[in-house]
Amino acid sequence: MAGFLITFEGGEGGGKSTQIARLAAHLRSEGHSVTITREPGGSPGAEAVRHIILSGTAEELGPEWEAVLFAAARADHVAELIQPALQRGDIVLCDRFHDSTRVYQFLDPENDQALMERLERVALNGVYPDLTIVLDVPAEIGSDRARKRRGHASADRFEKDDVQVQEERRRAFLKIAANEPERCMVVDGNRPADDVAAEIRALVDDRLEARRFEDIDRSLKLGHEQ
Ligand code: TYD
């Protein structure tokens, strides 16, 4: 596939949407075609499921059935939006993806981890991120930021969880990053937005450059074989 998929992960109030907008502006200024999207949502079918999940209507079903809903939304999003964008050669920036399901729905080791893996395989259909940026902020600071951003609006299904749970989620994201260092980069989000944006820009530029060399290498090898 010609494009490049970058997912942004982390707890609440980590500054993902600001950083996605900043990175998109930078990449576009370099001539790349960029698609911005988010989960849950990103396609009409998935946006409908988003509403059901975030309103808390499905909370009674428990985390595993909520995970099934997230997976249904993700399958639609991948098929309808992400795959076509990658096929066009776009850089796709996605606000949350499969790591959020691992962390939010399967944090408790008692939850069916084999179900998690099956849902992930089916929903992603082979479309794994080329790069995942974990924006890391202490849960207390993230919750505070999210509260300020919300103003008078009420907290959604997951924002209302207490700081201790949010800190456990933070550790779970860091663990995923430690287990998959090739794919994941942890960026300290507890700094001025300009500094965070500069670090992300540099590391994405590096990865894209590496990909360009891999492509050249591959086409040279193919040339030799013919
Ligand atoms: P959103 O308003 O997009 O929040 P944020 O700005 O934090 O990304 O809400 C998405 C919420 O859904 C967020 O609390 C994380 C949660 N979520 C899951 O629980 N599982 C998932 O697979 C995804 C994609 C999100």
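The legends below describe close-up views of a predicted model. Residues are numbered from 1 along each chain as its sequence is written, and side-chain values use heavy atoms, with hydrogens and water left out. Local features need pLDDT of at least 70 and side-chain atom pairs count only at pLDDT 80 or more, whereas totals for chains, interfaces and linings use all residues.

**View 1. Helix α2 and its buried side.** Helix α2 spans residues 44-54, and its buried residues are A46, V49, R50, I53 and L54 (buried means under 20% relative accessible area and exposed over 50%, with a 1.4 Å probe and protein chains only; helices, H or I of at least four residues, and strands, E of at least two, are DSSP runs numbered from the N terminus). These residues lie on the same side of α2 because they cover an arc of only 120° around the axis, the arc being that of the directions from the helix axis to the C-beta atoms. The buried residues of α2 pack against β2 (34-38) and α3 (63-88), while the face turned away from the buried side carries the exposed residues P44 and H51. Just after α2, G56 takes a positive phi of about 90°.

View 2. H77 lies in helix α3 and is buried, with a relative accessible area of 0%. Leaving aside neighbours within four places in sequence, H77 is in contact (heavy atoms within 4.5 Å) with T37, R38, E39, G41, G42, S43, A46, I82 and C94.

**View 3. The largest pocket.** The largest pocket has a volume of about 510 Å³. On a 1 Å grid over the protein atoms alone, a pocket is an open set of points with protein on both sides within 12 Å along at least five of seven lines, a cavity is a set of points where a 1.4 Å probe fits but cannot get out, and lining residues have an atom within 4 Å of a point. Grid points are joined across faces, edges and corners, and a volume is the space filled by probe spheres set on the points. Of the 26 residues that line the largest pocket, E12, K16, E39, R50 and R96 lie nearest its centre. The lining comprises 6 nonpolar, 8 polar and 12 charged residues (Ala, Val, Leu, Ile, Met, Phe, Trp, Tyr, Cys and Pro count as nonpolar, Asp, Glu, Lys and Arg as charged, and the others, Gly among them, as polar). At least two lining residues come from each of α1 (16-29), α2, α3, α4 (98-104) and α6 (139-150), and α4 gives the most, with 3 residues.

**View 4. The second largest pocket.** This pocket, with a volume of about 300 Å³, has a lining that includes R102, F106, M116, R171 and K175. Two or more of its lining residues come from each of α4, α5 (113-124) and α7 (163-179), with the largest share, 5 residues, coming from α7. By class, the lining has 6 nonpolar, 2 polar and 4 charged residues.

**View 5. The largest cavity.** A search of the whole structure finds 3 cavities of 30 Å³ or more, and the largest has a volume of about 120 Å³. Its lining has 15 residues, of which G10, G11, E12, V137 and R170 lie nearest its centre. β4 (131-136), α6 and α7 each give two or more residues to this lining, and α7 gives the most, with 4 residues.
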